[in-house]
Every structure is written in C-alpha cells, then in structure tokens.
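Okay, thanks for coming, everyone.

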Amino acid sequence: MMRRCVALLGAHTLGRTRPEASGYRGPWVPGQDHLDNRYFVDMAEIARWNQINVGGQGDDARWQYDDGRGHMMLNSDMCFAKDIQPDEEGRVTQSLNNIGDSSTASRVVLYASNNNQWLTDFGAVFTKMIDNVDDDLELPSADSVEEITVAPTQAPGGGGGGGDGGRNGGGRVGRRPGRREMAEVLHLMAELLDTEK
Ligand code: HEM
C-alpha cells in the first residue's frame with residue numbers, strides 16, 4: 001500500500017504550494033510543465049535539503065524543506081525517503097543525513113532512476129483511484145470551493161498558449177487537479193489506507 005502512495009505523490013512534480021492556501025511556499029519542481037520523475041530525483045538527493053520555517057510560530061509554523069534553488073518538499077513528501085519524526089510544529093531538528101531511511105526509501109531511489117517504472121506505477125494507481133470514485137463521496141459545496149479557491153498556477157511559458165493554458169486539459173497527462181479532485185484524491189487515499197494495510 002505504501003508503495004502506491006509513494007507512486008501517487010510523484011504528482012507533486014507539478015504544481016506548487018501557496019502562502020494564501022496551505023501556508024507553504026513554492027513549487028516542488030520549479031518551471032515543470034510535464035509529468036515525470038523529477039520529484040523523486042530531487043528527493044533522493046538528501047544532502048541538498050534543509051528545513052526552514054516559512055510561517056509563524058506555534059500553529060502558524062510551516063516547516064518545509066528548501067534547497068536554496070527554489071525547490072521545496074513537505075514532511076509528507078520527505079517521509080517517503082527518511083524516517084523523520086517531526087515535532088508538533090512540523091520541525092525536524094536532526095539533519096536529514098543523520099536520520100535513517102524510511103521503509104519506502106528504496107522506492108524513491110527506484111523511481112529517481114527509472115522514469116518509465118514510475119510512470120507505469122503512477123498510471124496504475126491513479127487509474128485505480130479515479131475508477132473507485134464513490135458516488136456518495138462528500139465533497140465541498142460549490143460555495144465553500146469558491147471561498148477557498150485561489151488563482152490556479154500559471155502554466156510555464158505565460159500560460160496563454162493552448163487555448164486555456166493547460167488548466168482544463170480534459171484529462172490529459174499533465175493537467176493539474178482542481179481542488180475538488182484533490183479532495184477526492186485525499187479521501188480515496190484515506191480509504192485505501194483503511195482497507196489495504
Ligand atoms: C499525503 C497526501 C498529500 C498531501 C499531504 C498533499 C499536500 C499538498 C499541499 C500542501 C499542496 C499545496 C496546496 C496549496 O498551498 O495550494 C498540494 C498541492 C498539490 N497536490 Fe498534493 N498532497 C497530497 C496528495 C496528492 C495527490 C495524491 C496528488 C495527485 C495524484 C496531489 C497533487 C497535487 C498537485 C498537482 C498540487 C498542486 C496544485 C496547484 O498547483 O494548485 N497531491 N498538495
């Protein structure tokens with residue numbers, strides 16, 4: 001099960017975090033306009049990452065990994081490579097180099113070195129998720145979505161080309177999931193974790 005979660009999170013090769021939404025800052029992979037294993041390539045280079053707080057104190061803290069080159073990772077990403085034990089604020093005081101590998105670290109290394117393997121595994125688990133969408137799934141109402149929605153990430157290269165700049169690509173690979181799809185995806189991940197330990 002965890003292996004499928006690793007494959008799924010490779011979707012973070014696309015898109016970004018935003019201060020006004022999650023409170024985190026920046027993209028996992030800057031300037032990325034297509035789906036590939038870049039997320040894993042970056043993650044596998046453990047020495048490049050340092051944790052910084054881009055938020056405030058206490059509940060407002062937002063600890064994220066930063067490489068000084070505009071790439072970022074969350075604890076929920078890095079846990080696939082390292083056995084991190086964040087404190088209540090999400091801070092990991094030890095250097096990643098001194099922390100042991102997590103049980104999925106070999107998958108990270110595999111996907112970092114083999115894009116085709118990752119694409120195959122990602123395709124399979126993403127399809128499984130989409131196929132399993134439950135009609136009774138409780139999704140945010142249109143009103144609440146409207147309230148929390150911020151402008152989508154601008155497609156690299158200005159976003160004007162290709163009609164809609166790739167924002168409504170009709171399901172083609174590389175399309176960014178909207179908030180509604182993210183909610184579905186997260187519900188399904190939770191469901192999978194529950195039923196397939
Ligand atoms: C443990 C599960 C996950 C966590 C904790 C997580 C966390 C996040 C966070 C914090 C953001 C930034 C939100 C913002 O500030 O606007 C984000 C964005 C994103 N996530 Fe995830 N995510 C998870 C699973 C997934 C999955 C399963 C997919 C797709 C298969 C996915 C695809 C994306 C994409 C494409 C974005 C960028 C959206 C944009 O640019 O507007 N995530 N995720």
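A quick definition before we start: when I talk about axes, I mean lines fitted to C-alpha atoms, for helices over the stretch in contact, with angles running from 0 to 180 degrees between N-to-C directions. Helices (H or I, at least four residues) and strands (E, at least two) are DSSP runs, numbered from the N terminus. And please keep in mind that this is a predicted model: local features need pLDDT of at least 70, side-chain atom pairs count only at pLDDT 80 or more, and totals for chains, interfaces and linings use all residues. Residues are numbered from 1 along each chain as its sequence is written.

So, the overview. We have eight helices and five strands, and along the sequence they read α-β-β-α-β-β-β-α-α-α-α-α-α. Of the 197 residues, 19% count as buried, where buried is 20 or more other C-beta atoms within 10 Å of a residue's own, exposed is 12 or fewer, partly exposed is in between, and C-beta atoms are placed from the backbone.

Now back to those axes. H1 and H5 come within 8 Å of each other and cross at roughly 105°. That makes the two helices roughly perpendicular, because the label covers 65 to 115 degrees, while under 35 is roughly parallel, over 145 roughly antiparallel and the rest oblique. Who makes the contact (C-beta atoms, placed from the backbone, within 7 Å)? On H1, Arg 4, Ala 7 and Leu 8; on H5, Trp 118, Asp 121, Phe 122, Val 125 and Phe 126.

H1 also has buried residues: Arg 4, Val 6, Ala 7 and Leu 9. Their cover includes H3 (75-78), H4 and H5.

Take Val 108: setting aside neighbours within four places in sequence, Val 108 touches Val 6, Phe 40, Met 43, Ala 44, Phe 80 and Ala 81.

Over to the sheet. This one is open, three strands in the order E3-E4-E5, with antiparallel pairing; to count as paired, two strands need at least two DSSP bridges between them. E3 and E5 are at the edges with a single partner strand each, so one side of each has no neighbour in the sheet. E3 (residues 50-53) and E4 (residues 63-66) share four bridges, with Gln 51 partnered by Tyr 65. E4 and E5 are joined by two bridges, and Asp 66 sits opposite Met 72. Those two strands form a hairpin with five residues between them, where Gly 68 in the turn has a positive phi of about 75°.

Last stop, Glu 45, in the loop between H2 and E3.

How values were computed:
Two residues are in contact if their C-beta atoms, placed from the backbone, lie within 7 Å.
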